[in-house]
Amino acid sequence: MNKTSPGVLIIGGGVAGMAAAQVLSEFDVSVHVVEKQGRLGGHSVMWACMATESCVNCGACLSFEMAENVIGRQNVTPHFNASVLKVKPSENGFDVTLEDGKTLQVKKIITATGFSPFDPKQIASYHTDTLKNVITTTKLNALLQEEGIGEFLEGNPAPEIAFIQCVGSRNRKIGNDYCSQVCCKVAMRHANKLLHVIPKAHITIFYMDLQIIGKETRSFYQGLAKKVDLVQGVPAEILENTENGKLRIVTENRSDMTRVVREYDMIVLSVGMEPSANIYNTADIVGISPNPWGFFNSGDASLSADIHVAGCARTPGDILSSMQDGRIVAGRVADDLGLGRSAAAKTRSSGGNDPAVAVFGEGGQAVATAATIAANGYKTFLFGTDAPPDKSGNLKTIGDARILQISGTAGNFKIYHESGGKRHAVSCGVIISADEPDLVENDPGIPSENILDAEAFSSIISGSPDKIPGDIVILLDYGAPEYKKWARMALKDSRKAKAAGKNISILANKMLVHKPDGQRLYDAARKSGVSFLRYEHPGDIRMEKTENGFSLTFKEATMPADMEVHLDCDCLVLPPKLSAPTDFREKAAILRQKTDREGFLQSPNARHRLTGSTRKGIFFAGTGHDEIDTDDLKVEIDDILTFLKTGAFDLPAVVTGVEINEKMCAKCLTCYRICPHGAIILTENMKPRIVPDACFSCHLCVANCPAHAIDSEAFANDAFFEMAQKDQAVVFACERSAYLAAERAGLPEGVRLVKIPCACRINIDVILKSLLKGASKIIIAGCYDGNCRSMEGAQEAARGVRQVLRIPGMDESRVVFSPVAANEPAKIKRIVSKA
């Protein structure tokens, strides 16, 4: 960085602001992060870990590592307990004055002021000011993080707990006619965590429509639904039983539609997201205008060319999507400043020094991905499908190709493939998997020409509505899970049908209302006369063929349990089934990646999502790896482009401290097989070699080399032995999880805290020799299963501990493995206190 480096101001140090700062720090830019709190992280650092035995991918723990990373960047200056007082446009950008009198000169401004949780006091009937056991999800997070939920419930081993959804969201009366996008997943994770902490708890979730959207959310929901009560409809009021102090909710008994009173020990209000409390003041200072909601997610918000908005300041979202938004916005700023690789690529002819990009996939999503990458100046190879003519001259299609093998690392991949009966090889720096899942016709078992899939119905009702009969039913969540794409299409197309004079009903288990305008689409459809009916179980629907169409008989979820509803239609619309093809596992294996629990591409591991992987330079886009629509695909491509703008593909020397001693190497190839990051390659004479820029420095190879031929400068075995002291407990803590928690916990004297790159570094040799040195106890604290950056590092450490404990005479209390997230200081303190 030099004196003429442009400055960028980031207002807000939450996950979006930190993500933006991380990206911009890769360039010759002076980054200033102004944060009103005395720390970075925003709301996410106050969120509890939702993991039980394994990670549930909320991402809250990531904010601690991000904060440490940002503070350590040389060209990032954090301004804590600070606010922007004045912004004045100048010839060179903006002159910025902070409240403490400091002045900054910047070229660009990113507003990342986050959100404010809805204050439930606005709903007087919930009596949050007088009923102490009516709490919000914010309060519940604090109780769980501090391990104080048991005390709050006064030690009750079997409490009755209720969650009330959509508190402050989807509420037209208060002007919040939008879905906050996250509350349903948060409540499900909270319920699951509570059942883990208090196994005998009985939990009820009162909801409008559970928004079951996103990677692995459906399988998680299906498992949770067996353990909690789900009640459609949210209570209007919370009362108190003055005799026993319990909380009361009046609801309906569906068996006879009488009003019944249910009592609870704790009621959790799932509060929605509102714009940051000071957004209007900030917007006025920097010269932008939010929409009536207070966000910047619709056309009636206004920005300027040099001011960007990121994260929840722009639109409600979860932690991972806010991080992604911050990265993308920073990438655009870099382009605007002429610093990004894409900006540079556009100024020169194709075939420059930027890495080639290979895109895998057959279908429109792969074509869109490849075309966009090529249009941004990168030489692009599209494997598996034909693309339309390319104006950029950067796109080459390799159709009908079968991928055989991929060797190399980021910046230097080689793809061996078979095409036209011959074998070929293509070199590239980045690989993007944009394979699509199978779309299978949803067959209700009644053959009829009056059954249309969602795409066909949409096309006809938009272009030739006269060809559609007069009575239509769109059936969602039947025979296949409801996806947000089909739900949104149903809302839009049902209005078109009403405008064309049709009678139309939407029959669903739940109605998904994703995107900022999702609730307004739903409200508009109802107002136009579309009928919305709900069923509880697909098995409750009986479908019969009639002379003109179909008759559907079902139990409507809001009516008495013994009452059936009959619905006749001339046209039945059924969205297709979306399923993971059987060859996804083979495609994942070629990339040296794993599929998720539902068989789709990309592990759900929050440390690599939303588009990344365990291997640098390998990315995922499209419906083959996540539930996305056309707009989401554009976002994913922008996210990947941000990496391309910052990625170092010339493979500069990176000091990892890990090196193979060639004289001792037995060429057993253990390291090559087990490296989770594909960072070890084989030379022509079959010798393994570590590629520093591809290495994540997890040290799994060091711990598992049978010949002890892999050395570590910072984490050698001898160094660990020296740390072990007689009658002292040693805590080996992962630097990305347990160590960060321990730093905040304040561990007792007589405990040696040792930072390690990954729990997998501590092998049996280190454990046994530390015990022989006199250590009273060995605690290995790593990530939760599914959260380890090196995928199975924590599992590897746990296996080692189990092996040690099988040694005859070994005291089980002396060697312990425990997962600890970065946001679990109370847990690490509890574990260590037993040492």
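**Loops, rings and helices**

Modeller: Happy to. Let's start with L610, which sits in the loop between α14 (584-590) and β36 (618-620). Keep in mind that this is a predicted model.

Colleague: What kind of peptide bond joins R609 and L610?

Modeller: A cis one, with omega at about 20°. As background, most peptide bonds are trans, and most residues other than glycine have a negative phi.

Colleague: Is Q181 buried or partly exposed?

Modeller: Partly exposed, as its relative accessibility is 28%.

Colleague: And what about the phi of D477?

Modeller: D477 is not a glycine either, and its phi is positive at about 65°. You'll find D477 in the loop between β28 (471-475) and α12. With 14% relative accessibility, D477 counts as buried; the cut-off for buried is under 20%.

Colleague: Since α12 came up, how does its span compare with what 1.5 Å a residue predicts?

Modeller: The two agree: helix α12 (residues 484-499) has 16 residues and should span 22 Å, and its end C-alpha atoms are 23 Å apart.

Colleague: Which residues of α12 are buried?

Modeller: They are K484, W486, A487, R488, M489, A490, L491, D493, S494 and A497.

Colleague: What comes just after α12?

Modeller: G501, which takes a positive phi of about 85°.

Colleague: Back to α5 for a moment. How many of its residues are buried?

Modeller: 13 of the 15, so α5 is largely enclosed by the rest of the structure. The span of helix α5 (residues 183-197) agrees with expectation too: at 1.5 Å a residue it should be 21 Å, and the end C-alpha atoms are 21 Å apart.

Colleague: New topic, aromatics. How many aromatic pairs are there?

Modeller: The count comes to 8 aromatic pairs. One of them is F206 with Y264: the ring centres are 6.3 Å apart and the planes are at 85°, so this pair is edge-to-face.

Colleague: Where do F206 and Y264 lie?

Modeller: F206 is in strand β11 (residues 202-207) and Y264 is in strand β15 (residues 258-264), so the pair ties together parts 58 residues apart in sequence. F206 counts as buried at 1% relative accessibility, and Y264 counts as buried at 2%.

Colleague: How are the rings of F360 and F383 arranged?

Modeller: Edge-to-face, because their planes are at 90°, with the centres 5.5 Å apart. F360 comes from strand β19 (residues 357-360) and F383 from strand β20 (residues 380-383), so this pair links parts 23 residues apart in sequence. F360 is buried with a relative accessible area of 8%, while F383 counts as buried at 3%.

Colleague: Which residues form an aromatic cluster?

Modeller: Y178, W293 and F295 form one.

Colleague: Which charged residue lies over the face of Y522?

Modeller: R170, at 5.7 Å from the ring centre. Likewise, K545 lies over the face of F550, at 5.8 Å from the ring centre.

Colleague: Now helix packing. At what angle do α8 and α15 pack?

Modeller: At about 55°, with the axes of helix α8 (residues 319-336) and helix α15 (residues 630-646) 9 Å apart. That makes α8 oblique to α15, and the crossing of α8 past α15 is left-handed.

Colleague: How do the axes of α1 and α8 cross?

Modeller: The axes of helix α1 (residues 15-24) and α8 cross at roughly 40° and come within 7 Å. The two are therefore oblique to each other. Here α1 passes α8 in a right-handed crossing.

Colleague: Last one: where is M686 found?

Modeller: In the loop between β38 (680-682) and β39 (688-690). M686 is partly exposed, with a relative accessible area of 42%.

Colleague: How far apart are M686 and E252?

Modeller: They are 71 Å apart in space, C-alpha to C-alpha, and 434 residues apart in sequence.

Notes:
Residues numbered from 1 in each chain as written. Predicted model: local features only at pLDDT ≥ 70, side-chain atom pairs only at ≥ 80, totals over all residues. Heavy atoms only, no water. Phe/Tyr/Trp six-rings, centres within 6.5 Å; stacked < 30°, edge-to-face > 60°. Helix = DSSP H or I, 4+ residues; strand = E, 2+ residues; numbered from the N terminus. Buried < 20%, exposed > 50% of the residue type's maximum accessible area, 1.4 Å probe, protein only. Lys NZ or Arg CZ within 6 Å of the ring centre and 35° of its normal. Expected span 1.5 Å × (residues − 1). Axes fitted to C-alpha atoms, helices over the stretch in contact; angles between N-to-C directions. Parallel < 35°, antiparallel > 145°, perpendicular 65-115°, else oblique. Left-handed = near helix turned anticlockwise from the far one by under 90°.
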